[in-house]
Amino acid sequence: TTKVLARTADKVLISVEEAKRYLPRGREYIVTGNPVREEILFADREKARKKFGVGDRVCIVSFGGSLGARRLNEAVAGLMAWEQRRGGVFHIHATGSIEKDRFPQMLAAAGVDPCAPGLDIRTYIDDMPDCLAAADLVISRSGAMTLSELEASGTASVLIPSPNVAENHQYHNAMQLQKLGAAVVVEEKNLTGEKLIEIVDGLTRDPAKLMEMGVKAKALSQPDSLEKIWKTLEP
């Protein structure tokens with residue numbers, strides 16, 4: 001859609017500089033970023049962690065979109081089994097509406113006790129600002145708005161791009177964060193519970209690394225995105 005509209009638009013506002021490579025030449029492109037809700041920009045980490053009862057545990061937040069992603073859910077079920085063996089982890093996970101009925105079976109197959117402390121399993125996350133504020137690590141897809149919110153909240157992430165999108169754009173978006181040290185990218189074709197455990201284990205055993213990734217994510221954010229957009233549109 002952006003490619004088609006860009007051919008006749010006077011100005012094209014894009015979220016990242018890299019996007020220019022994939023759009024028609026000869027147009028005026030302005031990098032503004034994506035506007036992010038104030039609730040995410042100003043969420044209080046201490047209050048959010050207290051709200052969920054995280055305590056001093058590592059907080060992981062995972063989701064695959066409003067519908068859910070089966071491959072991601074299967075890997076997360078395996079990760080939860082490892083977390084229960086290891087201890088010291090609080091995990092918030094959204095299954096998605098389509099996958100919610102399958103997820104209990106995935107947990108059972110992985111040997112996870114869904115009633116054990118440290119698990120907050122939902123269909124959908126409707127308090128994302130608090131979840132991002134509480135999180136030490138996010139596991140998710142890499143849509144443009146998700147990445148903008150991860151950057152705004154300064155949160156380290158493991159990104160599993162959806163392969164079912166135009167021109168594999170989620171992969172290219174995610175790789176920008178990985179190149180700058182703000183995320184780890186795993187293509188869905190390579191995703192397994194074992195692979196996810198290996199990555200999460202390495203990251204969560206190195207709090208300084210997680211903090212560094214969060215700082216690098218924050219450096220990519222554009223909190224004044226909305227102001228840039230309206231100034232561009234202002235006569």
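Which side chain meets that of Lys-51 in a salt bridge?

The structure is a predicted model, in which local features need pLDDT of at least 70 and side-chain atom pairs count only at pLDDT 80 or more, whereas totals for chains, interfaces and linings use all residues. Residues are numbered from 1 along each chain as its sequence is written, and side-chain values use heavy atoms, with hydrogens and water left out.

**View 1. Salt bridge between Lys-51 and Asp-130.** The partner of Lys-51 is Asp-130, at 2.8 Å from N to O; a salt bridge here is a side-chain nitrogen of Lys or Arg within 4 Å of a carboxyl oxygen of Asp or Glu. Lys-51 belongs to helix H3 and Asp-130 to helix H6, so that the pair links distant parts of the chain, 79 residues apart (helices are DSSP runs of H or I with at least four residues, strands are E runs with at least two, and both are numbered from the N terminus). Lys-51 has a relative accessible area of 47% and is partly exposed, and Asp-130, at 26%, also counts as partly exposed. Buried means under 20% relative accessible area, exposed over 50%, and partly exposed in between (1.4 Å probe, protein chains only).

**View 2. Salt bridge between Asp-127 and Arg-122.** The closest N and O atoms of this pair are 2.7 Å apart. Asp-127 counts as buried because its relative accessibility is 14%, and Arg-122 counts as buried because its value is 17%. Through shared partners, salt bridges join Lys-51, Asp-120, Arg-122, Asp-127 and Asp-130 into one network.

**View 3. Salt bridge between Asp-136 and Arg-49.** The two side chains meet at 3.2 Å, N to O. Asp-136 lies in the loop between helix H6 (128–134) and S6, and Arg-49 lies in helix H3 (residues 45–52), 87 residues away in the chain. Both residues are buried.

**View 4. The largest nonpolar core.** A nonpolar core is a set of buried Ala, Val, Leu, Ile, Met, Phe, Trp, Tyr and Cys residues joined through side-chain atoms within 4.5 Å. Among the elements that give two or more residues are strand S3 (58–63), helix H4 (70–86) and helix H9 (193–204). H4 gives the most, with eight residues.
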